[in-house]
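Q: Please go through the assignments in this model and say what each one rests on.

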Amino acid sequence: LLLYRSMHLIRQTLSVLDRRHKNDRISFYAKAFGKLMLPDRFFQHKAQSLISRYPVLSAENQALLDYYSKLMSPFTLTDENGIGLDQFRSHPKSTYFLDFYPFIRAFPGNKKFLTLFGDVVSIPDQPSFVKSRPIAGINQNSVLLKLDSIRHFTFVQDTKPFREKHPAFGWRGRLHLDSAKERRLDFLRDFTGKPGFDIGHINKGEIFPEFRRERLSIQDQLNFKYILSLEGVDVATNLKWVMSSHSLCFSQKLKFET
């Protein structure tokens, strides 16, 4: 059953991704499902070894940790909301689960915790592990972890120098019309058809056909000197790979962070 679910998840993911990234994703799932076979004590031993090796964090790593987790005082989760490791094991085997599971297994199984998987646009009432959080406001209950990494932490090997790229702004993406405010649609209304902009959505169906354009692969988009990263529901999926390219990344003022 586990093998069937893993292969089904791989096929679903690969069907919507650029072919050049398939090998990375196959490697991700192979390693992730391989870790499911290891006992909890393997991860607990690994954690203790790291603590012994690094009893004091460097100033840089401590600053990162303090930023990802802004909690400053002890807390207790309410019994009806906190879950334990045994209960978490029955969660659907999503990419969020596969990223998070090896870390939580390093802690005693009787500890309670909360997770909010998916696109998170608000701050939870209790401390919870999340992929993304609003930048503004009192956001210490949103504890950031590197979740859904295979989608959001994709990087590229850009072989084309900046000076050889097309001097225009490029963007392709989907509109999320069920979100509270569609910033992407506002941007398309303001800039579609203007000189120096090759932008458009790739939604199917009769959705704002005047703003629809043909799909461009990541490799195609790397031909632009300037690539837009426009937030949808929360963090834009293309933010990391654009920043790893030789193109310049442009964005509206960001509202969310990972």
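**Assignments and their grounds**

Q: What makes Lys165 and Asp158 a salt bridge?
A: The side chains of Lys165 and Asp158 come to 2.7 Å, N to O. A salt bridge requires a side-chain nitrogen of Lys or Arg within 4 Å of a carboxyl oxygen of Asp or Glu, so the pair qualifies. Both Lys165 and Asp158 are buried, where buried means under 20% relative accessible area, exposed over 50% and partly exposed in between (1.4 Å probe, protein chains only). The structure holds twelve salt bridges.

Q: What do these values rest on?
A: The model is predicted: local features need pLDDT of at least 70, side-chain atom pairs count only at pLDDT 80 or more, and totals for chains, interfaces and linings use all residues. Residues are numbered from 1 along each chain as its sequence is written, and side-chain values use heavy atoms, with hydrogens and water left out.

Q: Why does Glu214 count as partly exposed?
A: The relative accessibility of Glu214 is 49%, so Glu214 falls in the partly exposed class. Arg172 has 8% and therefore counts as buried.

Q: How do you know that Arg183 and Glu231 form a salt bridge?
A: Their side chains meet at 2.8 Å, N to O. Arg183 lies in helix H8 (residues 183-191) and Glu231 in the loop between strand E7 (224-228) and helix H10 (239-243), 48 residues apart. Arg183 is buried because its relative accessibility is 14%; Glu231 is buried because its relative accessible area is 3%. Elsewhere, salt bridges that share partners join Asp40, Asp86, Arg89 and Arg105 into one network.

Q: What makes E1, E2 and E4 a sheet?
A: The three strands form an open sheet in the order E1-E2-E4, with parallel pairing. Strands E1 (115-116) and E4 (142-144) are the edges, as each pairs on one side only. Two strands pair if DSSP finds at least two bridges between them; E1 and E2 (residues 128-130) have two bridges, so they pair. Val130 in E2 is the bridge partner of Leu116.

Q: Which residues have the most contacts inside the largest nonpolar core?
A: They are Phe88, Leu98, Tyr101 and Ile104, in a core of 17 residues. A nonpolar core is a set of buried Ala, Val, Leu, Ile, Met, Phe, Trp, Tyr and Cys residues joined through side-chain atoms within 4.5 Å. Helices H2 (22-36), H5 (85-88) and H6 (95-104) each give two or more residues to this core, and H6 gives the most, with six.

Q: Why is Lys70 said to sit over the ring of Tyr67?
A: Lys70 lies over the face of Tyr67, at 4.7 Å from the ring centre. Lys93 lies over the face of Phe97, at 4.8 Å from the ring centre.

Methods: Helix = DSSP H or I, 4+ residues; strand = E, 2+ residues; numbered from the N terminus. Lys NZ or Arg CZ within 6 Å of the ring centre and 35° of its normal.
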